[in-house]
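This briefing is for a reader who is new to the structure. It starts from single residues and then turns to the chains and their contacts.

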Amino acid sequence: MAKSKQTFFFALPAFVFFAVFFCYPVLYVFINSFREENLITAGSFIGFENYTVLLTDIVFWKVLLNSFLYILVTPILIAASLMLALALRGNNRLNRIFRSAFFFPVVTPLVTAGIIWKWMFAEDMGIINYLFSSLGISSVKWLSAFPENMLAVMIITIWRGAGYYMMIMLAGLAVTDADIEEAAILDGAGYWQRVWHIIIPQLRSTIVMVFVISSIAAVKLFTELYVLIPGAPMAQKTIVSLLFRESFEKFNMGYGSAIGILLFLFTLGLSIANLKLLDRPDKP
Amino acid sequence: MKNGLRPILLSVVALLCIFPFYWMVLASLRSAGDIFQFPPQLLPVNISLSNYSEIWNAVPMSLYFFNTIVITILTAFLNVLASSLTGFALARLQFNGKKLLFLCVLSAMIFPKEIMMIPLFSITVKLGLIDNYWGVVLPFAIDALSVFLLRQAYLAIPKEIEEAAYMDGCKPFSLWLKIMQPMVKPTLIVVALFSTMGAWSDFMWPMIVLQDPQYHTVQLGLQGMQGTFVNNFRFIAAGAVLSIIPVFVIFIVFQKYFVKGIFAGVGK
């Protein structure tokens, strides 16, 4: 390893950046969570008041519950992405075309995705309710009723996520041991037996990774709700929606910071797991 | 699945993935009368491009695109440059505070961006960068995950190459630029690609920083149209189609790097 004057040049931008845009803000958000702060008046230290107000506010518990309820999409995403990956395992032309088709929703920006689906979910004129009515199902209040609007957001999440997690599953499948599978074929194991007893056990860390990533994304859901159901009561939204409203619409920065610290604590376990998974040596 | 059901099921899923796009494109091509037709017309009949010219004239779409392109280029350029400098330093150089810097990178990966926005907003106000491209770009100029991935890429290069370069009188800068940059090129492209897509699609932070509509990005403009054209979805649909074309083009051209990036753990 070299020690040179040039070292300075490489590390300096990062030191400045992380000091100004990471360390200082983290300290600031922590301190502010104990302050009343609105960016206009001087603000003051109020101890744990932000936290006690938050923890006794029923809306906070409701948005927290909603955020964690969005984790319910995770098992569906795991099953769907695993099935797609299994079906598209071989690297032939047709499979590549299918993979691309499933990936278009992934690269679609969130606001655009929200607008597309708002049109599909429209309650009077939407294509989905039209389909339902022609099947004799009564129309669903996708945008105006709770928990129907939660279901709508979950559908968008699955639409955008399945192709993404399919790619992660394919990466996992690429490093499974083909010899064990061939031995199982010789022993007369059927396809689903091989999937259940041989492939899935080998994909365990990949599945955990998908679970962790999609759970973190679910808890931090915001933009979809902002686009799809802007007028819905806060109690139907998520913890990041509450953080946004308090911090950037009401400018209760202290209160917003307390929400942020709690969100950080609630996601800490998942985030650390994510970091460990990224750093594991057997990663495909 | 080795039976005949496989292609049928896959086609159904592909249809579910693609249909929403088709339905939006169709809405963007319809007239005011046809769009609310009941029962809905599933086929492209009686279509025209007039909604596109109308939306282009009704809202400053070209300005939105210009703003987004500037922000996207600045973000991707800064992130690739700074992350590769940092990643190289962490992987290949010795300096005081190296452990501290790596700890910062790891912590930044854990700390949700949504929480950082509160203090970063105050800092951006203090720096006078509200309604300024730099206000959007600078606070997230170095993406910790990019640093992490590039560090791994530089670490994977054999030590002998570094030693040989130093023996030949190479300085760290030319080792980085001339010898190692070409070797980590795929990772650089992945990082560039994901920061491009991220910057193009970003919504929450630009919405906070860019309050003057003159600086709005395409995504902010689209969200604004939802209020302006409440009863004219065909205009919003035309705007949405326009907003999506660049990302689709980038995705189609660089497809294999997206796959590579996801295999490495980039993205969401």
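Does B:Leu210 count as buried or exposed? B:Leu210 counts as buried, because its relative accessibility is 1%; buried means under 20% relative accessible area, exposed over 50%, and partly exposed in between, with a 1.4 Å probe and protein chains only. This is a predicted model, in which local features need pLDDT of at least 70 and side-chain atom pairs count only at pLDDT 80 or more, while totals for chains, interfaces and linings use all residues. Residues are numbered from 1 along each chain as its sequence is written, chains are lettered from A and ligands numbered from 1 in the order in which they are written, and side-chain values use heavy atoms, with hydrogens and water left out.

**Two loop residues of chain B**

- B:Leu210 sits in the loop between helix 12 (204-209) and helix 13 (218-228) of chain B; helices are DSSP runs of H or I with at least four residues, numbered from the N terminus.
- Beyond its neighbours within four places in sequence, B:Leu210 has contacts that include B:Ile71, B:Asp131, B:Tyr215 and B:Leu220, where contact means heavy atoms within 4.5 Å.
- From C-alpha to C-alpha, B:Leu210 and B:Met180 are 38 Å apart in space, and they are 30 residues apart in sequence.
- B:Arg30 belongs to the loop between helix 1 (5-28) and helix 2 (32-35) of chain B, and B:Arg30 is buried at a relative accessible area of 5%.
- The backbone oxygen of B:Leu43 is reached by the side chain of B:Arg30 at 3.0 Å.
- Not counting residues up to four places away in sequence, B:Arg30 touches residues including B:Trp23, B:Asn51 and B:Arg234.

**Helices of chain B**

- Helix 13 of chain B is mostly covered, with eight of its eleven residues buried; among them are B:Val218, B:Leu220 and B:Met225.
- B:Ile8, in helix 1 of chain B, is exposed because its relative accessible area is 53%.

**Salt bridges**

- Side chains of opposite charge can pair when their charged atoms come close.
- The count over all chains is eight salt bridges, a salt bridge being a side-chain nitrogen of Lys or Arg within 4 Å of a carboxyl oxygen of Asp or Glu.
- B:Glu162 and B:Arg92 form a salt bridge in which the closest N and O atoms are 2.6 Å apart.
- This pair links distant parts of the chain, since B:Glu162 is in helix 9 (residues 159-167) and B:Arg92 in helix 4 (residues 61-92) of chain B, 70 residues apart.
- Both B:Glu162 and B:Arg92 are buried.
- B:Glu162 also meets B:Lys159 in a salt bridge (3.8 Å, N to O); these two residues are separated by about one helical turn because they are three residues apart in helix 9 of chain B.
- B:Lys159 is partly exposed, with a relative accessible area of 35%.
- In chain A, a network of salt bridges links A:Arg245, A:Glu246 and A:Lys250.

**Between chain A and chain B**

- The contact takes 91 residues from chain A and 101 residues from chain B.
- About 8,700 Å² is buried between chain A and chain B, and carbon and sulfur atoms give 79% of that area; buried area is the accessible area (1.4 Å probe) that two parts lose on being put together, summed over both.
- One salt bridge is counted between chain A and chain B: the side chains of B:Glu114 and A:Lys220 meet at 3.5 Å, N to O.
- Helix 1 (residues 6-32) of chain A gives the largest share of the side of chain A that touches chain B, 19 residues.

Conventions: Polar contact = N/O pair within 3.5 Å; in protein donor to acceptor, adjacent residues only side chain to side chain.
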